[in-house]
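Please have the sequence and the model open as you read.

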Amino acid sequence: MAEVSATGPAGRLSRISVTNGFMLASLVALAVVPVIIYAAGNAFWLDIATRLVVLSIAAVSLNLILGFGGMVSFGHAAYLGIGAYCVGIPTYHALFGEFEMIASNNGFFHIALAVAISALFALIVGAICLRTKGVYFIMITMAFGQMVFYLFVSLEQYGADDGLVITSRSELPGIDTGNPLAFYFLCYGSLLAVLYLVHRIVNSRFGMVIQGAKGNEDRMRSLGYSTYIYRLAAFVIAGAICGYAGALLGNFTSFISPEMMDWAASGELMFMVILGGASSVFGPVIGAAIFLLLEQLLSSFTVHWHLPFGIMLILIVLFVKGGVSGLLDRLGR
Amino acid sequence: MDASLVLIQFLNGMQLGVLLFLLASGLTLTFGIMDFVNLAHGSLYMIGAFFCASLTFWTGSFVWGLLLAIPCTALVGLAVELVVIRHLYARDHLDHVLATFGLILCFDTLTQLVWGPEGISVPLPSWLDGQVTLPGDIVFPTFRLVIILGGLVVAGGLYWLVNHTRLGMLIRAGASNRTMVGALGIDIQTLFTAVFALGAVLAGLAGMLIAPITEASIGMGNEIIITAFVVIIVGGIGSMKGAFIAALMIGLIDTMGRSFLDDLFKLVMSTEAAETSAPAVSAMLIYILMAVILAIRPQGLFPPKVR
Amino acid sequence: MAGIMLETQDLQKSFGGVTATDHVSLQVEEGECHAVIGPNGAGKTTLIAQLSGMLPPDDGAILFNGKDITRLTAQRRSHLGLARSFQITSVFMGLSVLDNVALAVQAHSGHSFRFWRPARQDAALRGPALEMLEKVGLQDRANGLASEMSHGERRQLEIAMALATGPQLMLLDEPMAGMGPEESGRMVQTLKGLEGITMLLVEHDMDAVFALADRISVMVYGRLIATGSPAEIRGNEEVRQAYLGEAA
């Protein structure tokens, strides 16, 4: 804390514009490259690009609470799952009957349901977790995530741990969601919107409060802030955005199973956030890209790609100076 | 439901409870003393089970397999502590979580490379494989009874260790005041290593005991470790007594819930509704319990005094 | 004679067997600078923690402007006009100096459920924040990061943040801790320049205490053993024995 950073204001300024340039270039690449891939008829890499964009949304939402709010939530994949099942279950009933109240193929309905249920779940979980601190918080978010996992494992009607096949994608006016490129741009547009939304939030008055509460909650309370209610709001917003990402993911994979909200999936989301740099809004997108590329690269060498991946993770934590948080600080400058 | 079935499920719940205690005690020790969060604790449980399986086949005896697997697991625990864990004590919890998440990936893959992707079942000697008749004409598997008794003996041993030995004195002092232990001239690094290895053995032992029932399989630790987390959250992180009481409570509630919740629900709702909702609710029962306890006591049932 | 702004009645707090606050009854008058001095471990920081709402007392009451605030949260007390500075500097390291003070201003300008407009371009926050920085002489540092400041500057910033909440009473927990003579001289000047704000000052630096305080209370082992003017405290036999003994 006491060390004086070598970068002066001028240095920081140039770093920021480099970062912005890099972000712009990445976003343009994400808009252009998939079109070329699709024109070349390479369905596989378009799939990877879609997955990247959807997981990026989830990682950006996690970063709102993890990177900016300092809330180490280890159950974030639960919202991905909830969002996906909010597409899967209504589509299932639209096809096989029963529960006519929710049986629907309407995309707006799916998204509204995904966002609402995720927000509600985040509200309940957050209300309990945010009364605790540190390790308690990590473990409790993890346990609640696993609770959702077991809930869906126990639901025989929706395939239990075998999962559920989504037979048709959500219907949205004006967008042929069945077309891979159109669906990609739906996801890409969503990512842009989410990035902009989170950017506005973290720089608003609300954003300043959650960043302050990350640094020093006692200080915030003695300044007169009821930090709990602001952190809870951030937790709910993050959950809702991730639920939205889940609705996209369910549509994309067309097969959903409880495994997608296993705690390993939450760990991967966290890894993306940390890898990309948790103190910038765009960082998690880079993290997600590195993660997916590593996954492809390593798994092309060996089916046991988790081993080099795990070793890498440990080495990053051990040897990147000042640990991961140090890396975050430096990436954030 | 008849009374003997309830008693049998009670014993099954006790069996799960003592296994959870073996896991949770190691977690709560490492947290209480070193402020360290070890997600990979479940991997040591899995390693214990696989060592026990291999050594049982090698020696031809489960008992020898188990006795030899204990020092093997301790060695793995020591190695992990030396290579990775000890460099993390001074870091924050986020670093702990990420590095030990990496450890889990390594352990799972390495185990698969060494033992193959299939599970290995562990044969019991005939004198353990049968059933005993308990008072009240309750027929119960001998081995499960052995697990319960063995677990209680280990719990008693831990109680003695923590409350009546020099090591235990250091553990208790360390949990409340780290600098004081350092000031006493104790090599704190050695103490940490010893405690970590002890936790590894306890987790490994739980894995060895469950292996003959479920078989040793990849990722077996990743499921139960979350339940062990629930145990120490409910008990109060860092509290041995809390871990013991919460482990038995969670073991019993989980087992009883899965067995009898549908019968209970049928009293208040239609058979069909009960049969649909009971599995879902019983899967979430311990988490709901955790939520309720935390809502009332955010630090768990028995928070350590100084923290 | 001014009224009593802050009063504790028989305040008690113990940790295990150690009594940190032992039947403390203290009165801080409106407009005065009241210093609490005492040897290390006398319970001064515990007292501040109870006054600011970070630590619940075991027994006794705290009155602020005649209102019982014993059970109020820290944030409620802040809104009643009670501000505190921390013994261990606690400014927000990752934010700029101006951001730090603006955050304090924001705490007292309505709710913060405002998600859209950039807070850093909000004149309603920046203006008053700059004003506070001027009061402590940090206006030139406004755009630097808090983490890049010297220790003394951070302590000044801490005061600016407390001021920005518009307090009637400031609880200052060792504002001169870790400072050299020059820096603490500057802090004394800063605190002297704050007119109309009542202060409860906990401090070890006796020069600063005698330069600032209108009245002094002496605390030993959780108990108040004397309260009086600086001259009275200097002349008090019990205080000399218990605390000032070696210095006198």
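Predicted model: local features only at pLDDT ≥ 70, side-chain atom pairs only at ≥ 80, totals over all residues.

A disulfide is a pair of cysteine sulfur atoms within 2.5 Å. Residues are numbered from 1 along each chain as its sequence is written, chains are lettered from A in the order in which they are written, and side-chain values use heavy atoms, with hydrogens and water left out.

**Cysteines**
- Cys242(A) is buried, at 0% relative accessible area (buried means under 20%, exposed over 50%, partly exposed in between; 1.4 Å probe, protein chains only).
- For Cys72(B), the closest cysteine sulfur belongs to Cys52(B), 10 Å away and too far for a bond.
- Cys72(B) is partly exposed, with a relative accessible area of 26%.

**Contact between chains A and B**
- Chain A brings 40 residues and chain B 48 residues to the contact (heavy atoms within 4.5 Å).
- About 4000 Å² is buried between the two chains, 81% of it from carbon and sulfur atoms; buried area is the accessible area (1.4 Å probe) that two parts lose on being put together, summed over both.
- In chain A, Tyr136(A), Met139(A) and Trp263(A) lose the most area to chain B, together 18% of what that side buries.

**Charges across the interface**
- The rule finds 0 salt bridges between chain A and chain B (a side-chain nitrogen of Lys or Arg within 4 Å of a carboxyl oxygen of Asp or Glu).
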